[in-house]
Amino acid sequence: MNGQGGSPDAVTPLDRDTLIAHARAAAAHAHAPYSGFQVGAALLLADGSVVTGANVENASYGLSLCAETVAVAKALSETWRGGVLALAVSGGPADAPGSAVQVTPCGRCRQVLMELAGLDGSDPLVWCDGPDEVLEQRLSALLPHAFGPGALG
């Protein structure tokens with residue numbers, strides 16, 4: 001079931017809304033007992049598969065996992081390599097993702113996403129759900145001048 005790459009421009013607004021719905025549904029499965037802020041992420045892969053993740057908090061905050069990182073780990077552990085067309089992220093208080101603030105991937109998540117996208121040279125769309133609008137950016141715009149495997153020589 002490896003992703004085969006594809007054109008990010010092939011993603012339609014319906015796909016955007018569906019992917020955001022997947023991210024919101026994933027947020028409902030978050031383990032956020034400390035912050036109460038649930039985040040969900042959904043990756044749309046070139047073969048049409050959707051892989052989701054939710055944030056997992058830990059009392060030792062540095063050990064917490066972001067929703068995007070969980071989704072990437074699931075995708076990689078389920079054999080997908082690249083082929084990421086788009087990512088949707090949604091978050092907020094329990095049972096109300098997307099209602100409080102617009103959630104964008106943190107710096108760590110941007111780096112992890114860039115590594116996955118770099119496997120096939122894709123530059124996926126990133127949709128950040130918010131109370132008033134959906135921010136749409138390419139991953140490269142969220143993390144310009146990214147550090148990647150090529151920098152290691």
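Is Thr18 buried, partly exposed or exposed? With a relative accessibility of 38%, Thr18 counts as partly exposed, where buried means under 20% relative accessible area, exposed means over 50%, and partly exposed lies in between (1.4 Å probe, protein chains only). The structure is a predicted model, in which local features need pLDDT of at least 70 and side-chain atom pairs count only at pLDDT 80 or more, whereas totals for chains, interfaces and linings use all residues. Residues are numbered from 1 along each chain as its sequence is written, and side-chain values use heavy atoms, with hydrogens and water left out.

The protein contains four helices and five strands, both taken as DSSP runs numbered from the N terminus (helices: H or I, at least four residues; strands: E, at least two). Read from the N terminus, the order of these elements is α-β-β-α-β-α-β-β-α. Of the 153 residues in the protein, 44% are buried. Contacts, defined by heavy atoms within 4.5 Å, were also examined by sequence separation. Among those between residues at least 6 apart in sequence, 67% join residues at least 24 apart. Thr18, which is found in helix H1 (residues 13-27), is 24 residues from Ala42 in sequence, and the two C-alpha atoms are 9.7 Å apart in space.

Strand E1 contains Gly40, a buried residue with a relative accessible area of 0%. The C-alpha atoms of Gly40 and Ala25 are 7.1 Å apart, although 15 residues separate the two in sequence. When neighbours within four places in sequence are left aside, the contacts of Gly40 are Ala23, Ala26, Ala27, Gly53, Ala54, Ala67, Ala88, Val89 and Ser90.

The packing of helix H2 (residues 67-77) against helix H3 (residues 107-118) was then considered. Two packed helices are described by the angle between their axes and the distance between the axes. The axes of H2 and H3 come within 9 Å and cross at roughly 25°; such axes are lines fitted to C-alpha atoms, for helices over the stretch in contact, and the angles run from 0 to 180 degrees between N-to-C directions. This angle makes H2 roughly parallel to H3, a class that comprises angles under 35 degrees, while those over 145 count as roughly antiparallel, 65 to 115 as roughly perpendicular and the rest as oblique. On the H2 side, Glu68, Thr69, Val72 and Leu76 take part, and they meet Arg108, Cys109, Val112, Leu113 and Leu116 of H3. This contact comprises six nonpolar, one polar and two charged residues; Ala, Val, Leu, Ile, Met, Phe, Trp, Tyr, Cys and Pro count as nonpolar, Asp, Glu, Lys and Arg as charged, and the others, Gly among them, as polar.

Within H2, the buried residues are Ala67, Glu68, Thr69, Val70, Ala71, Val72 and Ala75. Their cover includes strand E1 (37-45), strand E2 (50-54), strand E3 (84-93) and H3. Glu68, a residue of H2, has a relative accessible area of 4% and is therefore buried. Apart from neighbours within four places in sequence, Glu68 contacts Ala41, Leu87, Val89, Thr104, Pro105, Cys106, Cys109 and Leu113.

No disulfides are found in a search of the whole structure, a disulfide being a pair of cysteine sulfur atoms within 2.5 Å. For Cys66, the closest cysteine sulfur is that of Cys109, at 3.7 Å, which is too far for a bond. The sulfur of Cys106 also has that of Cys109 as its closest cysteine sulfur, at 3.6 Å, again too far for a bond. Cys66 is partly exposed at 25% relative accessibility, and Cys106 is partly exposed with a relative accessible area of 33%.

Positive phi values were found in residues other than glycine. Thr79 has a phi of about 85° and is located in the loop between H2 and E3. This residue is partly exposed, its relative accessible area being 37%. His145 has a phi near 60° and lies in the segment after helix H4 (139-142). With a relative accessible area of 82%, His145 is exposed.
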